[in-house]
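Student: Hi, could we go through this structure together? I'd like to ask things as they come up.
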Amino acid sequence: MNKPIEIANNYISIANEKTSMAWHKLLILAVLAGAFIALAGALATVAGALSSGSNAAIIKGAVFPLGLMLVVVCGAELFTGNCLLVAPLLNRNIKVKGILKNWGLAYLGNFIGATLIAVLVVYSKTYSGDIGVTAVATVTAKSKLNFGIALLKGILCNMLVCLAVWMAFASKSAAGKMLAVYMPVFAFVVCGFEHSIANMYYIMSAVMVDGGGFNFGYALLNGLLAPTIGNIIGGALLAVAFWALYFKRKENA
């Protein structure tokens, strides 16, 4: 495996590539990442609806890691994972303009990809009967979250996601990367933490199923805006820690 200092060294070149990539290539990779997370969301929704009680959360957690596995192995651009770019930014390896470009296009592309999968899933009648009811209930619950609680859940979620991405960088094999990703993602789903990109899919699919019977404004506020802010904070906190431990040490040396 790569040691943490080796991950940091490798991530500098990765960060430069991410922030200097042509906008259209970045957007396409972001659309793919949004689609990958959405496919995992669809799988989790169906699997959860076929389960009962507390077992549903365990089943969802067991299958949802598919999304980040696809992102990591296929090399797509996921907004939440890219919050780690704060580390090379602090080390002056990339510029603010570059990170804002990456985040903006990644977020937009992730939304497009998640929405496209939502359209395909809903209009293919995959969400029929109790599955559709479960999809709407999921978003209804998110819309009723307190903004502050949703933000804290977003922080916790992306700490786990970014740890998963960091551990994936440690592995030199595809199998190792998938194994590294699995448990952190399982943990955030079972604990009910909030992932902004997954919520894009959940919200858009619920709108198509229910026609907006729940409060769409609160779903965007508490189910998307608060988790997005929390995801940035959670990823940035880890990035600052990694910068202080590994990136800054390299600069001083």
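This is a predicted model: local features need pLDDT of at least 70, side-chain atom pairs count only at pLDDT 80 or more; totals for chains, interfaces and linings use all residues.

Student: Okay, helices to begin with. How do the axes of helix 1 and helix 8 cross?

Tutor: The axis of helix 1, which covers residues 4–20, and the axis of helix 8, which covers residues 147–170, come within 9 Å and cross at roughly 100°. Angles from 65 to 115 degrees count as roughly perpendicular, and the two helices are therefore described as roughly perpendicular to each other.

Student: And which residues meet there?

Tutor: On the side of helix 1 they are P4, I7, A8, Y11 and I14, and they meet W166, F169 and A170 of helix 8. Sorted by type, the residues of this contact comprise eight nonpolar, no polar and no charged ones.

Student: Switching to rings now. How many aromatic pairs are there?

Tutor: The count comes to ten aromatic pairs. One of them is formed by F79 and W103, with 6.1 Å from centre to centre and 75° between the planes, and this pair is edge-to-face.

Student: Where do F79 and W103 sit in the chain?

Tutor: F79 is in the loop between helix 4 (66–74) and helix 5 (86–90), while W103 is in helix 6 (residues 96–123), so the pair links distant parts of the chain, 24 residues apart.

Student: Are those two buried or exposed?

Tutor: Both F79 and W103 are buried.

Student: Which residues share an aromatic cluster with W166?

Tutor: W166 forms one aromatic cluster with F242, Y246 and F247.

Student: Last topic, cysteines. How many disulfides does a search of the whole structure find?

Tutor: The search finds zero disulfides. C83 is in no disulfide, and the nearest cysteine sulfur to it, that of C162, is 5.6 Å away, whereas a disulfide needs the sulfur atoms within 2.5 Å.

Student: Are C83 and C162 buried or exposed?

Tutor: C83 counts as buried at 0% relative accessibility, and C162 is buried with a relative accessible area of 0%.

Conventions:
Residues are numbered from 1 along each chain as its sequence is written. Side-chain values use heavy atoms; hydrogens and water are left out. Axes are lines fitted to C-alpha atoms, for helices over the stretch in contact, and angles run from 0 to 180 degrees between N-to-C directions. Helices (H or I, at least four residues) and strands (E, at least two) are DSSP runs, numbered from the N terminus. Angles under 35 degrees count as roughly parallel, over 145 as roughly antiparallel, 65 to 115 as roughly perpendicular and the rest as oblique. Contact means heavy atoms within 4.5 Å. Ala, Val, Leu, Ile, Met, Phe, Trp, Tyr, Cys and Pro count as nonpolar, Asp, Glu, Lys and Arg as charged, and the others, Gly among them, as polar. Rings of Phe, Tyr and Trp (its six-membered ring) pair if their centres lie within 6.5 Å; planes under 30 degrees apart count as stacked, over 60 as edge-to-face and the rest as tilted. Buried means under 20% relative accessible area, exposed over 50%, partly exposed in between (1.4 Å probe, protein chains only).
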